[in-house]
Amino acid sequence: MAKRIDVSDLNIYYGDFLAVEGVNVSIEPRSITALIGPSGCGKSTFLRSINRMHEVVPGGRVEGKIVMDGQDLYGPDVDPVDVRRQIGMVFQRPNPFPTMSIYENVAAGIRLNSKKMKKSDLDDLVERSLRGANLWNEVKDRLARPGAGLSGGQQQRLCIARAIAVEPDVLLMDEPASALDPISTLAIEDLMADLKERFTIVIVTHNMQQAARVSEQTGFFNLNGVGQPGRLIEFNPTEKIFSNPDQKATEDYISGRFG
Amino acid sequence: MSSTRTTPPSPPGTGRSVRRPGDRVFAGTAKGAGILILVILAGVAAFLVVEAVPALTAPAEDIPGDRGLAGYVAPLVFGTLLAAVIALLVATPLAVAIALFIGYYAPRRLAQGLGYLVDLLAAIPSIVYGFWGIFWLAPKLVPFYEWLEDDLGFIPLFAGPASTTGRTMLTAGLVLAVMILPIVSAISREVFLQVPSLHREAALALGATRWEMIRMAVLPYGRSGVIGGSMLGLGRALGETMAVAIVLSVSGGITLNLISSGNPSTIAANIALEFPESSGIDINTLIASGLALFVITFVVNMVARAIVNRRADFSGAN
C-alpha cells in the first residue's frame, strides 16, 4: 500500500564527496512528487537514496534519516535488498531484461520474492500488471517474445509493469520519459495519473511542463557551483512553485533564466 | 574526378553513392582478409583429403592394427572426444566461477592480480603441463582413483582396476581442463564485465541480492560468450598433443573406464607419438586421422553456433 516518506537532514556521499546536503522533505502517499533542477544538482542521487540504489556505486552512503511509515530505511538491521522490494524503480532508459520474454520480465520480481506461485496465479498477476501499465492490449498476443523487441515507449511501460507487479509501496521514476517521443511520453504521463491512486510516486524530470502537468508537489534542487553539494532549495505544491515560488532561484530556473 | 562532379545528386539510397578512395582501400583489405581465411582453410582441407586418400582406399590389412581405417581411427576419435569432454565439464563451471568472482565478488585489487595469474596459465607451454601431469598430478590422484574404484565402482566410469601410476583418461582430462581454464575464464570475464549496468541495476532495483542479480542479468547476458569461450577451449583440448602424449597411458581400445591404465589415445597425441616411426601408408593413415579431427572440430563449432543462434532474439544484441 502507498506509504509516506519523511526525510530529515539527509546528506549523501560518494566516498568523501558530499553530493547532496541537508535534505528535509515529506512525501505524501497517493500523490506524485516531482523533483526538478539543473543537471548535476543531485536530484537523481536523492531519488536513488530513497531505495538505497545509490549504494550500488562503490562508496555511496548517507547521513541522516529516511523514514517510510515509521520504518527507518537506513536502520542498522535493515537489508537494502528488502528496501528495494518495497520501493520500486523505473529508470531513465527502458531496461527490460534482454534475455527474457515479455512475460518473464513482468514475472521477474515475483520470482525473486516468492518462489512458489501457481502458474494460473502468475498468469493473472502478469496480466493485471500489464493492464496496470496500459500495455496488455498491445502485447497480449506475444507474451513469449523478447521484451527488447518492443518500441521504446512500450519497453518503458513494460518496465513499469515489472516494477508494479511486486506491489511496492513507493514507485521511483528517474526521468522515465526523457528517452521517449511525445506520444509515448503522454502514455506514460496518463499512466502515472492512474498509478498514483495506488502508489506513492516520486519522479525526477528535466521537463518542467511535465512536472507541472503530473505532480501535486514539486521540489527544486540546485547547487552553487561545480564540486558543491546539491541542495533542496524549495519544496512546495506544484501550483505555487510554477506561479509564485518562495525562492528567487526557483523563479529564475522556472522562467528559463538559467539551467 | 570530373565524372563524379557531373553526376547529379541523387536522394540517399536510390542511386550509386560516391566511392571515396579510403572506403575502397578499407573494403578491399577487409574483403582480402576474409578471403584469405577461406583460402587457408580450403588449403588445409585439400591437403588432408589428398594425403588421406591412399589410406581411405587401402585394403584393411595394410592399415596398422589390421582392422581397417575405421577400426584404427574410431578409438582415437573416441579418446579425443572423451578427454576433451572431461576437460570441458571440469573447466567451464570453474572458469565461470572464477570470472564471476573476479568481476563481481573480489575486491578490485585482488581481482586484477587474480585475473593476471589466470591469464598466465595460458602462457605455460603444453609440455610443461605434461610433465606436471605425469610427475605431480598423476601420483597424487592414485589414492583418489582407488577410492573411486572401491566406493563408486558400480558406475561403469569408475569400474577400475584403478591405475597404479595415475596415468588415466581422467588425469589427461584434468590436465586439459587446467590448460583450457585461462581462455574460458578470460572470455567469460570479458562478457560478464560487458553486461550493461542498466540491466544489473534493473535486477537490483527489483530487490535482487547480488547472486540473484547475477542469475537474472549477468549469466543470461553472458551465455553466448561463455559458450563461445568454451568452444575455443574445446578446440584447444581436442587438438592438444604433447600434454596428452606424455600423461596418457595408452593400450586397448574404446572404453568408458576413466581410471584404469588401458585407455584409447587421442588423435593428436597418437600422431605425435607414431609419426617419427612411420612411412608410406602409415603416414597416410595418420593424416586420415587428422582429417577426422578437422571434421570433428568443424562439427563442434557448427553445433555451438547453432546453440547460440537458437535464442538469438533473446541474446541482448538488439
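The model is predicted: local features need pLDDT of at least 70, side-chain atom pairs count only at pLDDT 80 or more, and totals for chains, interfaces and linings use all residues. Residues are numbered from 1 along each chain as its sequence is written, and chains are lettered from A and ligands numbered from 1 in the order in which they are written. Helices (H or I, at least four residues) and strands (E, at least two) are DSSP runs, numbered from the N terminus.

**Contact between the chains**

- On the chain A side 22 residues are in contact with 19 residues of chain B, where contact stands for C-beta atoms, placed from the backbone, within 7 Å.
- Helix 2 (80-86), strand 6 (87-90) and helix 3 (102-113) of chain A each supply at least two residues of the side of chain A that touches chain B.
- Helix 3 of chain A gives the largest share of that side, 4 residues.
- The side of chain A that touches chain B divides into 12 nonpolar, 7 polar and 3 charged residues. In this classing Ala, Val, Leu, Ile, Met, Phe, Trp, Tyr, Cys and Pro count as nonpolar, Asp, Glu, Lys and Arg as charged, and the others, Gly among them, as polar.

**Helix 3 of chain A**

- Helix 3 of chain A is largely enclosed by the rest of the structure, because 9 of its 12 residues are buried. Buried residues have 20 or more other C-beta atoms within 10 Å of their own, exposed residues have 12 or fewer, and partly exposed residues fall in between, with C-beta atoms placed from the backbone.
- Buried residues of helix 3 of chain A include I102(A), E104(A), N105(A) and V106(A).
- The packing partners of these buried residues are helix 4 (119-132), helix 5 (136-139) and helix 6 (152-165) of chain A, together with helix 8 (210-239) of chain B.

**Nonpolar core**

- The largest nonpolar core has 155 residues, and L171(A), A83(B), A87(B), L176(B) and I180(B) have the most contacts inside it. A nonpolar core is a set of buried Ala, Val, Leu, Ile, Met, Phe, Trp, Tyr and Cys residues joined through C-beta atoms within 7 Å.
- Helix 3 of chain B contributes the largest share of this core, 17 residues.
- Not counting residues up to four places away in sequence, I180(B) touches A87(B), A91(B), G233(B), R236(B) and A237(B).

**Helix pairs**

- In chain B, helix 5 (residues 126-152) and helix 6 (residues 169-193) pack at an angle of about 130 degrees, with their axes 10 Å apart. Helix 5 of chain B is therefore oblique to helix 6 of chain B. Axes are lines fitted to C-alpha atoms, for helices over the stretch in contact, and angles run from 0 to 180 degrees between N-to-C directions. Angles under 35 degrees count as roughly parallel, over 145 as roughly antiparallel, 65 to 115 as roughly perpendicular and the rest as oblique.
- Residues of this contact include S126(B), Y129(B) and G133(B) of helix 5 of chain B and T171(B) and L174(B) of helix 6 of chain B. The contact residues divide into 8 nonpolar, 3 polar and no charged.
- In chain A, the axes of helix 6 and helix 7 come within 9 Å and cross at roughly 20 degrees, so helix 6 of chain A and helix 7 of chain A are roughly parallel to each other.
- G152(A), G153(A), Q156(A), R157(A), I160(A) and I164(A) in helix 6 of chain A meet S184(A), A187(A), I188(A), L191(A) and L195(A) in helix 7 of chain A. This contact has 6 nonpolar, 4 polar and 1 charged residues.

**Single residues**

- G130(B), in helix 5 of chain B, is buried, with 23 other C-beta atoms within 10 Å. G130(B) and V244(B) are 114 residues apart in sequence and 6.7 Å apart in space, C-alpha to C-alpha.
- L76(B), in helix 3 (residues 68-105) of chain B, is buried, with 24 other C-beta atoms within 10 Å. From L76(B) to I254(B) the separation is 178 residues in sequence and 8.4 Å in space, C-alpha to C-alpha.
- D9(A) has phi near 45 degrees, a positive value in a residue other than glycine. D9(A) lies in strand 1 (residues 5-14) of chain A and is exposed, with 11 other C-beta atoms within 10 Å.
- E175(A) has phi near 45 degrees, a positive value in a residue other than glycine. E175(A) sits in the loop between strand 7 (170-174) and helix 7 (182-195) of chain A and is buried, with 21 other C-beta atoms within 10 Å.

How values were computed
Two residues are in contact if their C-beta atoms, placed from the backbone, lie within 7 Å.
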